[in-house]
Amino acid sequence: MFQNLREDLASVRERDPAARSTWEVFTCYPGVHALIFHRLAHAAWTRRLYWLGRFVSHIGRFLTGIEIHPGARIGHRVFIDHGMGVVIGETAEVGDDCTIYQGVTLGGTSLYRGEKRHPTLGKGVVVGAGAKVLGGFLVGDGAKIGSNAVVVKPVPAGATAVGNPARVLDPERDAEREQKAGQMGFSAYGVTRDMDDPLSKALHGLLDHAVETDRRFQVLVERMQAAGVNINGEMDCPDECDPARLSRMVD
């Protein structure tokens with residue numbers, strides 16, 4: 001247990017620039033305190049001391065604002081930042097080196113006992129503030145869940161999911177992001193560079209296609225007129241498309 005505590009304190013120092021000392025982290029970080037209570041509660045739970053496990057978990061929730069069911073499995077070096085309002089369900093599993101921000105729910109969508117109802121987070125997953133991950137599926141290693149996303153299906157390893165319901169962004173990651181992620185170890189709040197919503201990207205693609213189509217029609221009309229084909233009066237001219245205005249609406 002003390003080895004886990006040392007690892008937890010060190011991981012917070014590495015990932016939180018606001019942490020000024022190990023003593024400050026140990027005495028003032030509710031996420032660290034919640035993990036201490038959880039490990040005690042989980043030890044009782046695995047020994048079939050269910051009431052004791054729930055009672056210790058309840059005390060931890062009262063003192064930290066973080067609710068972790070004693071049956072949940074929490075890995076090493078997990079960082080719960082700020083933490084108020086975090087809820088982790090009974091069959092949830094959180095892998096090593098994960099980062100969870102305030103208001104996150106790792107919840108279940110089934111009422112049947114004895115089955116896997118809550119999500120499994122792989123290693124190094126970042127779950128942004130207010131995100132809800134609901135269901136007994138896997139969020140792959142190194143995945144990132146954007147703030148306020150609602151995830152109801154598996155997320156591939158290394159992918160980023162945003163929106164409600166969550167959609168997975170393009171898996172392409174540029175060299176700058178890779179270098180920064182390697183230096184920092186994670187992306188705060190699951191925020192990544194060029195993190196546009198996939199729906200917004202699709203709409204921008206349609207706008208670009210419409211503009212290009214208009215341009216080609218205009219070239220065709222000009223060449224027909226240059227060749228002596230008179231089409232005046234045969235084609236109604238619609239209002240001009242303003243792609244800049246439409247793009248601002250999409251954004």
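How many bridges join strand β10 and β13, and in which sense do the two pair? Point 2 has the answer; a word on the model comes first.

1. Keep in mind that this is a predicted model. Mean pLDDT for the protein chain is 83, with 78% of its residues at 70 or more. The stretch to watch is residues 174-178, where pLDDT stays under 50. The model still gives that stretch eight contacts beyond four places in sequence, but where pLDDT is low, the predicted coordinates should not be read in detail.

2. Now the strands. β10 (residues 132-134) pairs with β13 in the parallel sense, over two bridges. If you want a spot to look at, find V133, which stands opposite V151 in β13.

3. Zooming out, that pair belongs to an open sheet of five strands, ordered β1-β4-β7-β10-β13, with parallel pairing. At the edges sit β1 (67-68) and β13 (150-151), each pairing on one side only.

4. Over to the helices. α1 (residues 2-15) packs with α3 (residues 30-46) at an angle of about 160 degrees, and their axes are 11 Å apart. Since angles over 145 degrees count as roughly antiparallel, that is how α1 runs relative to α3. The crossing of α1 past α3 is right-handed.

5. Who touches whom here? On the α1 side you'll find N4, L5, D8, L9 and V12, and they meet V32, L35, I36 and R39 in α3. Sorted by class, this contact has six nonpolar residues, one polar and two charged.

Definitions and conventions:
Residues are numbered from 1 along each chain as its sequence is written. This is a predicted model: local features need pLDDT of at least 70, side-chain atom pairs count only at pLDDT 80 or more; totals for chains, interfaces and linings use all residues. Side-chain values use heavy atoms; hydrogens and water are left out. Axes are lines fitted to C-alpha atoms, for helices over the stretch in contact, and angles run from 0 to 180 degrees between N-to-C directions. Helices (H or I, at least four residues) and strands (E, at least two) are DSSP runs, numbered from the N terminus. Angles under 35 degrees count as roughly parallel, over 145 as roughly antiparallel, 65 to 115 as roughly perpendicular and the rest as oblique. A crossing is left-handed if the near helix is turned anticlockwise from the far one by less than a right angle, and right-handed if clockwise. Contact means heavy atoms within 4.5 Å. Ala, Val, Leu, Ile, Met, Phe, Trp, Tyr, Cys and Pro count as nonpolar, Asp, Glu, Lys and Arg as charged, and the others, Gly among them, as polar. Two strands pair if DSSP finds at least two bridges between them. pLDDT is the predictor's confidence in each residue, from 0 to 100.
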